[in-house]
Amino acid sequence: MAVNRVKISSDVELKDRLVAINRVTKVTKGGRTFTFSAIVVVGNEDGIIGWGLGKAGEVTAAIAKGVEAAKKNLVRVPVLKGTVPHEQTAKFGGAEVFIKPASHGTGVVAGGAMRAVLDSVGITDVLAKSKGSSNPHNLVKATILALSEMRDARTVAQNRGVSLEKVFRG
């Protein structure tokens, strides 16, 4: 399945959301050295999402590096009336996610790292469940993988070379 990579111009407004910060300690002969890694999600809340990992000696520098990395790693996701087009599962490492469309007014029913991704992409009504590992790095990657594999009915009809009505008749 081809991932819908996106190149965007600088006029698109991307909002960044910090998912997790991790303090890493390296023990050397001279003592302990502390560094920080930050996983960040950026999105325009209208179907474009990206994630990035930044590592630096200070938290703010790590977040800034994560945002820059996320802007280079964007994918387009179909969002229909504030929800996803169909059910989807994806697995990355030990994290497995399940995403299901929900009716208007349900809200985002998802845990920590998944919620940040779903909010950033602009999904307002969805049911989501994470199974397996709760590692935020793998959860973010699995959620974005599941979202990038989604296809709306128009794309399916175009790929099959049939009319939109024939897609729904089955």
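User: How many helices and strands does the protein have, and what makes a stretch count as one?
Analyst: The protein has five helices and eight strands. Helices are DSSP runs of H or I with at least four residues, strands are runs of E with at least two, and both are numbered from the N terminus. Along the sequence the pattern reads β-β-β-α-β-β-β-β-α-β-α-α-α. This is a predicted model, where local features need pLDDT of at least 70, side-chain atom pairs count only at pLDDT 80 or more, and totals for chains, interfaces and linings use all residues. Residues are numbered from 1 along each chain as its sequence is written, and side-chain values use heavy atoms, leaving out hydrogens and water.

User: Why is Asn 73 called buried?
Analyst: Buried means under 20% relative accessible area, exposed over 50%, partly exposed in between (1.4 Å probe, protein chains only). Asn 73 has 18% relative accessibility, so Asn 73 counts as buried. Asn 73 sits in the loop between α1 (59-71) and β4 (74-76).

User: Why are Glu 45 and Lys 15 called a salt bridge?
Analyst: A salt bridge needs a side-chain nitrogen of Lys or Arg within 4 Å of a carboxyl oxygen of Asp or Glu. The Glu 45 and Lys 15 side chains meet at 3.5 Å, N to O, so the pair qualifies. Glu 45 lies in the loop between β2 (31-43) and β3 (48-56) and Lys 15 in strand β1 (residues 15-28), so the pair ties together parts 30 residues apart in sequence. A search of the whole structure finds one salt bridge.

User: Are these two partners buried or partly exposed?
Analyst: Glu 45 is partly exposed at 34%. Lys 15 is also partly exposed, at 47%.

User: What makes a nonpolar core, and which residues have the most contacts inside the largest one?
Analyst: A nonpolar core is a set of buried Ala, Val, Leu, Ile, Met, Phe, Trp, Tyr and Cys residues joined through side-chain atoms within 4.5 Å. The largest has 28 residues, and Ile 49, Ile 99, Leu 118 and Leu 147 have the most contacts inside it. Its largest share, six residues, comes from α3.
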